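Here are a few notes to read alongside the model.

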Amino acid sequence: MKYQFPDNFWWGSATSATQSEGASLQDGKSKNIFDYWYDISPERFHGQIGPQNTSTFYENYQQDILLLQQLGHNTFRTSISWSRLIPDGDGELNPKAVTFYNAVIDSLLAHGITPFINLQHFDMPLCMQQKGGWESRAVVAAYARYAKLCFTLFGDRVKHWFTFNEPIVPVEAGYLNDLHYPCVVDFKRAVTVAYHMMLAHAKAVKNYRELAQNGEIGIILNLTPTYPRSDSSPDLVAANQADLLLNRSFLDPVTKGIYPDELVALLREHNLLPLIEPGDCQLIAGGIIDLLGVNYYLPRRVQAKEVPTPQGQINTPEDLFSFYQMPGRKINPHRGWEIYEKGLYDILINLKQNYGNIPCYISENGMGVEGEEQFLTPSGRVEDDYRIEFIREHLQWLHQAIQEGSNCQGYHLWTFIDCWSWLNAYKNRYGLVRLNLADQTRVIKKSGYWFADVAKQNGFN
């Protein structure tokens with residue numbers, strides 16, 4: 001069977017500034033929260049490898065963009081580092097950063113690759129975190145200013161903008177689960193952070209539209225589909241609450257301009273509502289996106305709590321539901337993550353049926369594998385057939401959704417080159433290109449050649 005994708009389909013990959021650039025304190029860049037956290041708690045990072053060098057895109061972007069071209073990319077997403085562009089968060093521009101980002105954008109365009117630019121990928125500038133981070137409305141205003149400066153500097157050439165990547169991650173990892181700095185565990189503060197990120201998003205969208213640059217602006221959400229263990233009423237309630245808190249708390253405001261009534265009621269019931277100021281609702285109503293990026297890695301399987309948490313003792317979302325492991329599931333043993341390709345289809349059909357079939361694209365999907373050295377040939381190439389299989393099977397379900405009318409316009413893999421990960425450093429490799437950490441050489445993996453062929457044919461057999 002031939003899986004043929006629509007004309008002008010976006011084939012590409014995604015990365016972020018912190019995970020790819022390196023040069024984390026060079027050329028005027030100030031510290032972000034990961035630079036600082038590594039300074040104070042290096043033991044929290046796998047192999048004690050921090051963000052200072054990462055995958056050296058800052059030095060090697062020209063070589064890497066040639067690799068993107070070889071990989072058949074017609075699109076590529078990365079992010080701008082706020083702490084590189086505006087080192088004190090809300091003051092002067094860093095001219096070296098302006099030069100760098102201009103050069104990256106121009107080089108992508110010169111090689112026939114459309115830049116997709118994201119404004120924030122977990123990397124809050126330390127100076128802004130010290131002012132309260134996303135708990136502070138002053139930081140929301142500083143972000144909106146940063147966004148406007150980006151649009152003004154680069155919007156003549158960049159026509160696909162995204163306000164945030166996975167805004168749930170700073171909420172869950174930074175304010176609920178002690179996984180990212182500032183390592184707070186406080187449900188009420190977490191809700192405020194999530195709410196303020198939505199206000200920041202809406203302000204950026206407003207700024208973009210006022211500039212009338214003939215492009216589109218969106219957001220990238222990891223819409224992990226939620227599946228109840230059974231059709232029992234408690235399991236269905238648990239799954240719905242998980243979906244409200246972890247998906248719809250971002251999806252609904254950016255696509256409908258309003259929060260779900262059920263979510264508001266749930267937060268009110270547990271005394272978790274954030275402070276809502278006059279004008280907030282109108283602002284959020286104006287933040288409806290043009291384009292949605294969808295990140296998908298694994299499903300979320302949910303069951304009711306064995307013992308319900310008493311009222312007044314709800315301290316994290318997991319006090320309302322439990323996760324469960326589906327018997328007989330397919331698994332990526334390196335990450336411990338379930339592989340469920342149909343989840344991609346389910347997300348897209350949900351967007352079609354319940355969200356006006358909003359224009360969207362798969363902005364991240366990928367497979368992290370530990371110890372890829374074992375698949376190296378004598379010539380130095382990684383024979384990663386498992387990654388080819390992973391991508392192919394997800395693309396088959398993506399194709400099915402498009403056949404059924406999904407408005408999905410592209411597929412981006414995470415990621416084009418093995419990159420540094422927030423806590424795991426280089427433990428799990430995701431790239432189509434192998435990065436040799438010892439000498440920073442780059443070698444295309446078997447999956448890279450396969451992906452390039454798929455992109456060239458706009459499909460596969």
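This is a predicted model: local features need pLDDT of at least 70, side-chain atom pairs count only at pLDDT 80 or more; totals for chains, interfaces and linings use all residues.

In what order do the three strands of the open sheet lie? Residues are numbered from 1 along each chain as its sequence is written, and side-chain values use heavy atoms, leaving out hydrogens and water.

1. The order is β7-β9-β10, with mixed pairing (strands are DSSP E runs of at least two residues, helices H or I runs of at least four, numbered from the N terminus; two strands pair if DSSP finds at least two bridges between them). β7 (226–228) and β10 (322–323) are at the edges with a single partner strand each, so one side of each has no neighbour in the sheet.

2. Strand β9 (residues 300–303) runs antiparallel to β10, joined by two bridges. Gln-303 has Ser-322 in β10 as its bridge partner.

3. Across β7 and β9 lies helix α10 (residues 233–256), at about 135° to β9 (axes are lines fitted to C-alpha atoms, for helices over the stretch in contact, with angles from 0 to 180 degrees between N-to-C directions).

4. Now to helix α2 (residues 33–40): Ile-33, Phe-34, Asp-35, Trp-37 and Tyr-38 are buried there (under 20% relative accessible area, 1.4 Å probe, protein chains only). The buried residues of α2 pack against α6 (126–129), contact meaning heavy atoms within 4.5 Å.

How values were computed: Buried means under 20% relative accessible area, exposed over 50%, partly exposed in between (1.4 Å probe, protein chains only).
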